[in-house]
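Please read the following report alongside the sequence and the model.

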Amino acid sequence: ENPNRYEVIRLLTKAFFLGMGYFIHQTSQREESYEARDAIVSRFLSLVKDNYIEHRDVEFYASKMNMTAKYMSTVVKQVSGKSASKWIDEYVALHAKALLSSTTKSINEVCYEMGFSSLSFFGRYFKRVTGLSPREYRYRIFSQPVPGDEGIEGHVLGFERGGPVSVLAEDPAQAGRQQALADVGQGPLYH
């Protein structure tokens, strides 16, 4: 029998409990860190939801949250998988798409309602975010123009309850467009 056997067992047990204590401490700190980062992202998204028409710059939101734009962007990207500027762009694009697809406003009117200083800037911004110009987007949704958007041939859909309605309800293509319009009105991109 080894004379140091009990001392070895005591020291191994002590090392085990010290290791477990360290692990539990690290885990609780990580959970607190996750909660703090989730709170930052929630606050950021809430601010974007309330201010995206007037403010499309990350610096505005970071200053409202009393942190640097770089830190806020890093946390938002780590937690959500998207950059802060991407979230802002998606909110703006969603609203613009909703206006383009569910109103009879001209693209010019949508541009100014969205807070853009010029039609060309709105067009470039919308195309960068969605891959389509506002006119192309509207054309794909309706396959015809809305009054005030000259340059696209075809006839105009009717409107009921704020949304476009097909004149030819049996047409499968029209039904698909109606479904796309219903999808646009589903609200925020991510809950």
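## Aspartate 89

Aspartate 89 has a relative accessible area of 10% and is therefore buried (buried means under 20% relative accessible area, exposed over 50%, partly exposed in between, with a 1.4 Å probe and protein chains only). Aspartate 89 is part of helix H4; helices (H or I, at least four residues) and strands (E, at least two) are DSSP runs, numbered from the N terminus. Leaving out residues up to four places away in sequence, aspartate 89 touches Tyr125, Arg128 and Val129, where contact means heavy atoms within 4.5 Å.

## Model and confidence

This is a predicted model, in which local features need pLDDT of at least 70 and side-chain atom pairs count only at pLDDT 80 or more, while totals for chains, interfaces and linings use all residues. Residues are numbered from 1 along each chain as its sequence is written, and side-chain values use heavy atoms, with hydrogens and water left out.

The protein has a mean pLDDT of 75, with 70% of its residues at 70 or more; pLDDT is the predictor's confidence in each residue, from 0 to 100. Residues 151-191 have pLDDT below 50, and this stretch has 65 contacts in the model beyond near neighbours in sequence. Where pLDDT is low, the predicted coordinates should not be read in detail.

## Overall fold

The protein contains eight helices and two strands. Their order from the N terminus is α-α-α-α-α-α-α-β-β-α. Of the 191 residues in the protein, 32% are buried. Among contacts with a separation of 6 or more, 52% are between residues 24 or more positions apart.

## The largest nonpolar core

A nonpolar core is a set of buried Ala, Val, Leu, Ile, Met, Phe, Trp, Tyr and Cys residues joined through side-chain atoms within 4.5 Å. The largest one has 36 residues, and Phe44, Tyr61, Met72, Met114 and Phe122 touch the most other members. At least two residues of this core come from each of helices H1 (5-51), H2 (58-64), H3 (69-80), H4 (84-102), H5 (107-113), H6 (119-130) and H7 (134-142). H4 gives the largest share, eight residues.

What does methionine 114 touch, not counting residues up to four places away in sequence? Its contacts are Tyr52, Ile53, Arg56, Val92, His95, Ala96, Leu99 and Phe122.

## Aromatic rings

Rings of Phe, Tyr and Trp (its six-membered ring) pair if their centres lie within 6.5 Å; planes under 30 degrees apart count as stacked, over 60 as edge-to-face and the rest as tilted. The count is nine aromatic pairs. The ring centres of phenylalanine 121 and tyrosine 125 are 6.4 Å apart and the planes are at 50°, so this pair is tilted. Phenylalanine 121 and tyrosine 125 are four residues apart in helix H6, and therefore about one helical turn separates them. Phenylalanine 121 is partly exposed at 34% relative accessibility, whereas tyrosine 125 is buried at 8%.

Phenylalanine 122 and phenylalanine 126 also form a tilted pair, 5.9 Å centre to centre with 45° between the planes. Phenylalanine 122 is buried at 1% relative accessibility, and phenylalanine 126 is buried at 2%. Ring pairs join Phe116, Phe121, Phe122, Tyr125, Phe126 and Tyr137 into a cluster.

## Charges over rings

A charge sits over a ring if NZ of Lys or CZ of Arg is within 6 Å of the ring centre and within 35 degrees of the ring normal. Arginine 56 has its charged end over the ring of phenylalanine 116, 3.7 Å from the ring centre. The charged end of lysine 82 is over the ring of tryptophan 87, 4.7 Å from the ring centre.
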